[in-house]
Amino acid sequence: MLAELSGVGKRTILRIERNERVAVRTLQRVQAALEARGVEFIPSGDGKGPGLRIPLSLLSRDDLRF
């Protein structure tokens with residue numbers, strides 16, 4: 001689904017998930033697609049690392065694994 005939303009190939013999404021090298025423009029396209037769905041990227045600061053805030057409307061109970 002993310003590949004389709006971002007216009008990036010499925011194999012490229014797998015490369016991102018494996019922390020392999022991809023072009024910065026590719027990462028920007030993926031980020032833009034996520035932000036369009038309401039995901040908020042949180043920069044690092046105050047001694048804390050970066051993170052994501054995902055709207056609950058995008059999650060199902062099966063997605064929550066804490």
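Leaving aside neighbours within four places in sequence, Thr26 is in contact (heavy atoms within 4.5 Å) with Val8, Thr12 and Ile16. Thr26 lies in helix H3, where helices (H or I, at least four residues) and strands (E, at least two) are DSSP runs numbered from the N terminus. With a relative accessibility of 18%, Thr26 counts as buried; buried means under 20% relative accessible area, exposed over 50%, and partly exposed in between, with a 1.4 Å probe and protein chains only. The structure is a predicted model, in which local features need pLDDT of at least 70 and side-chain atom pairs count only at pLDDT 80 or more, while totals for chains, interfaces and linings use all residues. Residues are numbered from 1 along each chain as its sequence is written, and side-chain values use heavy atoms, with hydrogens and water left out.

The chain contains 3 helices and 2 strands, arranged along the sequence in the pattern α-α-α-β-β. Its C-alpha atoms fill a box of roughly 30 × 30 × 20 Å, taken along the principal axes. Of the 66 residues in the chain, 14% are buried. Among contacts with a separation of 6 or more, 16% are between residues 24 or more positions apart. The chain exposes about 5,800 Å², and carbon and sulfur atoms supply 51% of this area. Accessible areas come from the Shrake-Rupley method with a 1.4 Å probe; for residues, only the protein chains shown count as cover.

The axes of H2 and H3 come within 12 Å and cross at roughly 95°. Axes are lines fitted to C-alpha atoms, for helices over the stretch in contact, and angles run from 0 to 180 degrees between N-to-C directions. H2 and H3 are therefore roughly perpendicular to each other; this class covers 65 to 115 degrees, whereas angles under 35 degrees count as roughly parallel, over 145 as roughly antiparallel and the rest as oblique. On the H2 side, the contact is made by Thr12, Ile13 and Ile16, and on the H3 side by Thr26, Leu27 and Val30.

The loop between helix H2 (10-17) and helix H3 (24-36) holds Ala23, and Asn19 is found in the loop between H2 and H3 as well. Ala23 counts as partly exposed, at 46% relative accessibility. The C-alpha atoms of Ala23 and Thr12 are 9.9 Å apart in space, for residues 11 apart in sequence. Asn19 has a phi near 60°, a positive value in a residue other than glycine. At 72% relative accessibility, Asn19 counts as exposed.

Side chains of opposite charge can pair when their charged atoms come close. A search of the whole structure finds 2 salt bridges, a salt bridge being a side-chain nitrogen of Lys or Arg within 4 Å of a carboxyl oxygen of Asp or Glu. Arg15 forms one with Glu20, with the closest N and O atoms 3.8 Å apart. Arg15 is partly exposed at 34% relative accessibility, and Glu20 is also partly exposed, at 38%. The side chains of Glu40 and Arg53 meet in a salt bridge with an N to O distance of 3.2 Å. Glu40 lies in strand E1 and Arg53 in strand E2, so this pair ties together parts that are 13 residues apart in sequence. Glu40 is partly exposed, with a relative accessible area of 39%.

Asp46 is found in the loop between strand E1 (40-42) and E2. Its phi is near 55°, a positive value in a residue other than glycine. Asp46 counts as exposed, at 81% relative accessibility. Pro43 is placed in the loop between E1 and E2 and counts as exposed at 65% relative accessibility. Not counting residues up to four places away in sequence, Pro43 touches Gly49 and Pro50.

Phe41, Leu52, Ile54 and Leu58 make a nonpolar surface patch of about 310 Å². Patches are made of residues with over 30% relative accessible area and no salt bridge; like charges are joined within 9 Å, and nonpolar side chains (Val, Leu, Ile, Met, Phe, Trp, Tyr) within 5 Å. Ile54 lies in the segment after strand E2 (51-53). At 39% relative accessibility, Ile54 is partly exposed.
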